[in-house]
Amino acid sequence: MSQLARWLKRLVLGFVALLLLYQLWLFGWVLWWNWVNPDNTRFMTIRLDELRVKDPQAQLKKQWAGYDRISANLKHALIAAEDAKFVDHEGFDWEGIQNAIEKNQKKGRIVAGGSTISQQLAKNLFLTPAKTPWRKAEEAVITLMLEAVWSKQRIFEVYLNVIEWGNGVFGAEAAARHYYGVSAAQLSREQAARLAGMVPSPRFYDRNRNAPGLARKTAIILARMPSADVP
């Protein structure tokens, strides 16, 4: 074996070793957060850095609310809007992914994602908004970790508390207070459906709260809520 081949082999082995160490590091956080509530996520850090470009003193709006202190209306609304098969799948909704691919092909651009709640949580906890093959692959690995270690209720509880809901607004409690001046436990069906409709584009809807598209989405979510199964 030539010296170049030996160096290439060492380089590949070193890369594989670093990749495995990174996965173990991620898995360690997944284990820890099964018992301890996350204080910050990668998405939170990214958004805070963006806010502090304009205002060095900017702070995020977030406040943890336990699963039992979040309105059942919001839970039903989010399942209805984001992941109707959440309680049944093991992290991926293959039918939903196929439907999203077909929609995107028809439109010639990305208009649907097909990501489950578990996938969205994996992205929010550890990754960036970038739509790259590497990020999607890493998202899939983390999703499998979450589904293997956490219960569905824990996945949903953390999701409810860390997803973005506006400009610097994260989690159900902060969103309820930001938009309606009530706690997450007090959200009505209509308020919950409207918040669920904001999830795909939270900062846009924070700036455009009377957007016609949001009203249509809210009506659709309200109709689907009674059949939504929550953990």
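Let us begin with Ile155, which counts as buried because its relative accessibility is 0%, and the cut-off for buried is under 20%. Please keep in mind that we are looking at a predicted model. Ile155 belongs to helix α7.

Which residues are in contact with Ile155, once its neighbours within four places in sequence are set aside? They are Phe86, Ile117, Ser118, Leu121, Leu146, Glu147 and Trp150. Consider Leu121 from that list. In sequence, Leu121 and Ile155 are 34 residues apart, yet their C-alpha atoms are 7.7 Å apart in space.

I turn now to Asn124, a residue of helix α5. Is Asn124 buried or exposed? With a relative accessibility of 6%, Asn124 counts as buried. A polar atom of the Asn124 side chain lies 2.8 Å from the backbone oxygen of Gln120. Beyond the neighbours within four places in sequence, Asn124 is in contact with Thr41, Arg42, Phe43, Val162, Ile163 and Glu164.

Helix α3 comprises residues 72-82, and its buried residues are Leu74, Lys75, Ala77, Leu78, Ile79, Ala80 and Glu82.

Finally, I draw your attention to the start of α3. There, a side-chain oxygen of Ser71 comes to within 2.9 Å of the backbone nitrogen of Asn73.

Methods: Residues are numbered from 1 along each chain as its sequence is written. This is a predicted model: local features need pLDDT of at least 70, side-chain atom pairs count only at pLDDT 80 or more; totals for chains, interfaces and linings use all residues. Side-chain values use heavy atoms; hydrogens and water are left out. Buried means under 20% relative accessible area, exposed over 50%, partly exposed in between (1.4 Å probe, protein chains only). Helices (H or I, at least four residues) and strands (E, at least two) are DSSP runs, numbered from the N terminus. A polar contact is a pair of N or O atoms within 3.5 Å; within protein, one must be able to donate a hydrogen and the other to accept it, and residues adjacent in sequence count only if both atoms are side-chain atoms. Contact means heavy atoms within 4.5 Å.
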